[in-house]
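Here are my notes on the model you sent over.

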Amino acid sequence: MKTWKLWENEKINKEEASLLRRHADEIPVPFDEEGRRDVETLVDTFVGRDDAAGLAAPQIGISKQIVVFRNGNFTDKAPIKKGDGNYDVLVNPRITQIRGDMEKTQEACLSCPDISADVVRATSIKVKAYNEKGEKINKRYTGFLARVVQHELDHLDGKLIVDRGTTIYFPKEKSLFFDKIFKDE
Ligand SMILES: [Zn+2]
């Protein structure tokens, strides 16, 4: 399944951008047929990839509140397998607590090709959500994993690193295109 992007090959994707910018809809709980299918589609799209720490449903064109992400092992990006326990699925997630220091690190996003951005995030969060089976869960995430979760949850709010970034980096040879985008904002 293709990844939806704000732009591609120095052209703005108006339609994809408008879905990526939407506030995603909640999944009814207990999950109905459609909810179950959407969760499965996102997980199936994510497993086997080695180019992403996480993926949010809007990034594959499904404007629903579902995210999936690696729950460790970020350096060796060996593809994860379905059901291997190396990823978490969060449905209708809410951050219920933010603790610890804020930290600034460079992030990239499959939906914002060619750029990276310095983003300030909390280093410890607690999240209330449903897992892929529709069971209520409460989890604490810390360190880099907390950052990944906040990045994915932002997607459900229609927020991307270009909105959060304090500094945005892009290759010089594409500055004609990106200078124009980031000046307009
Ligand atoms: Zn992203």
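1. Helices (H or I, at least four residues) and strands (E, at least two) are themselves DSSP runs, numbered from the N terminus. With that in hand, β5 and β6 run antiparallel and are joined by 12 bridges. One spot to look at is K104, which stands opposite V120 in β6.

2. Some housekeeping. This is a predicted model, where local features need pLDDT of at least 70 and side-chain atom pairs count only at pLDDT 80 or more, while totals for chains, interfaces and linings use all residues. Residues are numbered from 1 along each chain as its sequence is written.

3. Now the overall layout. There are 5 helices and 8 strands, and from the N terminus on they come in the order β-β-α-α-β-β-β-β-β-α-α-β-α. The radius of gyration (taken over C-alpha atoms) is 16 Å, close to the 16 Å from the globule rule (2.2 Å times the number of residues to the power 0.38), so the protein is as compact as a globular protein of 185 residues. Along the principal axes, the C-alpha atoms fill a box of roughly 50 × 35 × 30 Å.

4. Back to β6 (residues 116-130), which also pairs with β7 (residues 136-142), antiparallel, over 7 bridges. Within that pairing, K128 has N138 as its bridge partner, and V127 stands opposite K139. The hairpin has 5 residues between the strands, and G134 takes a positive phi near 90° there. β6 has yet another antiparallel neighbour: 3 bridges join it to β8 (residues 167-169), with S116 partnered by Y169.

5. What is packed inside? A residue is buried if 20 or more other C-beta atoms lie within 10 Å of its own, exposed if 12 or fewer, and partly exposed in between, with C-beta atoms placed from the backbone. By that count, 32% of the 185 residues are buried. A nonpolar core is a set of buried Ala, Val, Leu, Ile, Met, Phe, Trp, Tyr and Cys residues joined through C-beta atoms within 7 Å. The largest one has 31 residues, and L42, I66, V67, V68, V91 and V149 have the most contacts inside it. At least two residues each come from α2 (33-46), β3 (54-56), β4 (66-70), β5 (87-107), β6 and α3 (143-156), with α3 giving the largest share, 6 residues. Apart from this core lies another of 8 residues, including L20, A117, V119 and L160.

6. Contacts next, meaning C-beta atoms (placed from the backbone) within 7 Å. Leaving out residues up to four places away in sequence, L42 touches L55, A57, I60, I62, I66 and V68. For the whole protein, among contacts with a separation of 6 or more, 64% link residues 24 or more positions apart.

7. The V29 to P30 peptide bond is cis, with omega near -5°, and P30 sits in the loop between α1 (14-20) and α2. Which residues other than glycine have a positive phi? One of them is E10, near 55°, in the loop between β1 (7-8) and β2 (11-12); another is N92, near 50°, in strand β5. E10 counts as partly exposed because it has 13 C-beta neighbours inside 10 Å, whereas N92, with 20, counts as buried.

How values were computed. Two residues are in contact if their C-beta atoms, placed from the backbone, lie within 7 Å. Two strands pair if DSSP finds at least two bridges between them.
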